[in-house]
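This briefing covers a sheet and the helices on it, a set of salt bridges, and the nonpolar cores. Please read it alongside the sequence and the structure shown below.

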Amino acid sequence: MNSQEELALLQEIKKIAVKAREFGLDFYDTYFEICPADILHTVAAYGMPVRFGHWSFGKSFFKIKSKYDYNLNRIYELVINANPCYAFLLDSNSPVQNKAVIAHVFAHSDFFKNNYYFSHTSRQMLDSMAVHAERITGFADRYGAREVEIVLDAVLSIQEHINPHVFCQTKEGAHDCDQKDLLLCIAKYGHYLEEWQRELIMLVREEMLYFWPQLQTKILNEGWATYWHTRIMHTLPLDSAEAVEFAKLNANITMRSGPNLNPYLIGFKLLEHIAANFGEQQLFNVREAENDLSLVRNYLTPELLTELDLYVYQSIGHEWVVVSTDPEEVKKELLKMLVNCGFPTILVADLDYQSKGELYLRHRYEDAELDIPFLEKTLPRIYLLWGRGVHLETVVDNRPVVFSYDGQKNSRHFL
């Protein structure tokens with residue numbers, strides 16, 4: 001991009017910012033950077049421009065890059081929830097694409113700033129993650145890269161098992177730890193953890209607390225950004241060719257994606273429905289107070305479900321089969337997918353099981369069985385962190401069962 005193109009882009013950013021504020025959007029100061037695809041792929045894989053290294057991020061990068069190389073997916077922009085906000089634009093975007101994604105960025109920033117579920121997240125997490133990366137690099141230098149990787153593998157295998165709302169209760173004794181916060185329980189009470197290992201667990205937990213609201217609001221956040229970039233683009237003086245290009249871009253963003261849910265489409269349609277039936281002020285009320293679960297529960301109507309062509313399907317034999325198109329059943333299944341951001345709820349039931357210092361976990365079973373092979377791979381990693389036997393109670397084939405790992409082998413017994 002030459003200096004003349006950069007000046008034109010800067011002028012567009014200023015114009016779109018004015019339009020966005022005229023619509024009532026209230027966003028952080030935003031810094032834009034033009035980046036090649038590999039930079040966007042790296043940020044998408046790591047979740048941040050700066051973060052500790054781990055092989056799983058490299059695996060994510062390869063998957064993202066492969067989809068881009070085969071023209072299966074393209075990342076036009078990435079936005080970082082921070083104050084000021086940072087946005088990365090793909091250097092091969094056309095001027096029309098940049099206009100749309102700039103409007104999209106301002107709407108994301110407005111959402112980050114004003115949605116309740118982001119109200120307790122750190123706006124300086126960029127700096128914090130850079131510090132975390134330095135600390136973990138220091139651990140690797142001092143204790144060995146392989147040793148740090150082993151601990152990170154174990155922690156990342158259970159990183160979703162936190163409680164973003166209630167961190168720790170104030171009761172006395174070993175059970176003062178919040179039931180849902182497995183990472184916190186292990187960091188506080190793991191029997192043989194060294195101090196650097198406890199710190200590493202807490203660093204990963206802090207980063208997961210930052211990412212959690214983004215998982216809770218994927219549909220609403222992307223729908224909000226799509227709704228407003230559409231509104232803003234319709235006010236800009238586009239010629240016929242530009243209007244056609246934007247229409248194609250928007251159609252690609254909001255297209256149905258086969259058996260997978262498209263959060264851009266679902267969120268956009270829900271917000272259109274709200275604006276049409278409850279007025280534009282209700283949009284801002286929803287933006288402030290809702291997450292995906294409450295949005296779908298409160299506003300997804302049978303008519304919208306039919307329009308979106310949503311259905312319930314499952315694997316039967318060697319085929320995937322549609323088992324229901326009934327709106328109530330479809331909505332019920334969608335809500336189940338959104339509970340706890342789609343992760344199983346695992347509760348800490350006992351930190352001193354059978355008075356042996358063993359860890360007893362309980363799966364909150366809600367008609368969805370755990371992935372047994374994954375479970376049996378994860379228990380040894382929890383054991384590595386906890387230091388003594390680990391047990392997990394769940395339901396298989398409608399029967400309660402306990403899976404255990406004793407440091408040498410997995411076992412199970414039905415209750």
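**Briefing: sheet, salt bridges and cores**

Helix 16 (residues 372-386) lies across strand 6, strand 7, strand 8, strand 9 and strand 10, and runs at about 45° to strand 9. The model is predicted. Its salt bridges number 18, and its largest nonpolar core has 60 residues.

**Sheet and packed helices**

- Five strands make up an open sheet, with the order 6-7-8-9-10 and mixed pairing.
- Strand 6 (346-353) and strand 10 (410-414) are the edge strands, each pairing on one side only.
- From one strand to the next, the twist averages 25°.
- Helix 7 (residues 182-189) also packs on this sheet, where it touches strand 6 and strand 7 (358-363). The direction of helix 7 makes about 20° with that of strand 6.
- Within the sheet, strand 8 (residues 390-396) and strand 9 (residues 399-405) are paired in the antiparallel sense, over seven bridges.
- Opposite Val395 stands Pro400, in strand 9.

- Arg287 and Asp110 form a salt bridge through their side chains, at 3.0 Å from N to O. Arg287 belongs to helix 12 (residues 280-289) and Asp110 to helix 4 (residues 95-114), so that distant parts of the chain, 177 residues apart, are linked.- Both partners of this pair, Arg287 and Asp110, are buried.
- The side chains of Arg135 and Glu199 meet in a second salt bridge, at 2.8 Å from N to O. Arg135 lies in helix 5 (residues 125-143) and Glu199 in helix 8 (residues 195-216), so this pair ties together parts that are 64 residues apart in sequence.
- Are Arg135 and Glu199 buried or partly exposed? Arg135 is partly exposed, because its relative accessible area is 37%. Glu199 also counts as partly exposed, because its relative accessibility is 26%.
- Helix 8 also holds Arg205, whose side chain meets that of Asp181 in a salt bridge of 2.9 Å, N to O.
- Arg205 counts as buried, because its relative accessibility is 7%. Asp181 is buried, with a relative accessible area of 0%.
- Salt bridges also link Glu12, Lys99 and Glu242 in a network.

**Nonpolar cores**

- In the largest nonpolar core, of 60 residues, Phe106, Trp224 and Trp228 have the most contacts inside it.
- Helix 4 gives the most to this core, contributing 10 residues.
- Leaving aside residues up to four places away in sequence, Trp224 touches Leu25, Ala107, Asp110, Phe111, Leu271, Leu283, Phe284 and Arg287. Among these contacts are Asp110 and Arg287, the two residues that meet in the 3.0 Å salt bridge.
- A second, separate core has 46 residues, including Ile158, Cys185, Leu203 and Leu209.

How values were computed:
Residues numbered from 1 in each chain as written. Predicted model: local features only at pLDDT ≥ 70, side-chain atom pairs only at ≥ 80, totals over all residues. Heavy atoms only, no water. Pairing = 2+ DSSP bridges. Helix = DSSP H or I, 4+ residues; strand = E, 2+ residues; numbered from the N terminus. Axes fitted to C-alpha atoms, helices over the stretch in contact; angles between N-to-C directions. Contact = heavy atoms within 4.5 Å. Salt bridge = Lys/Arg side-chain N within 4 Å of Asp/Glu carboxyl O. Buried < 20%, exposed > 50% of the residue type's maximum accessible area, 1.4 Å probe, protein only. Core = buried A, V, L, I, M, F, W, Y, C linked by side-chain atoms within 4.5 Å.
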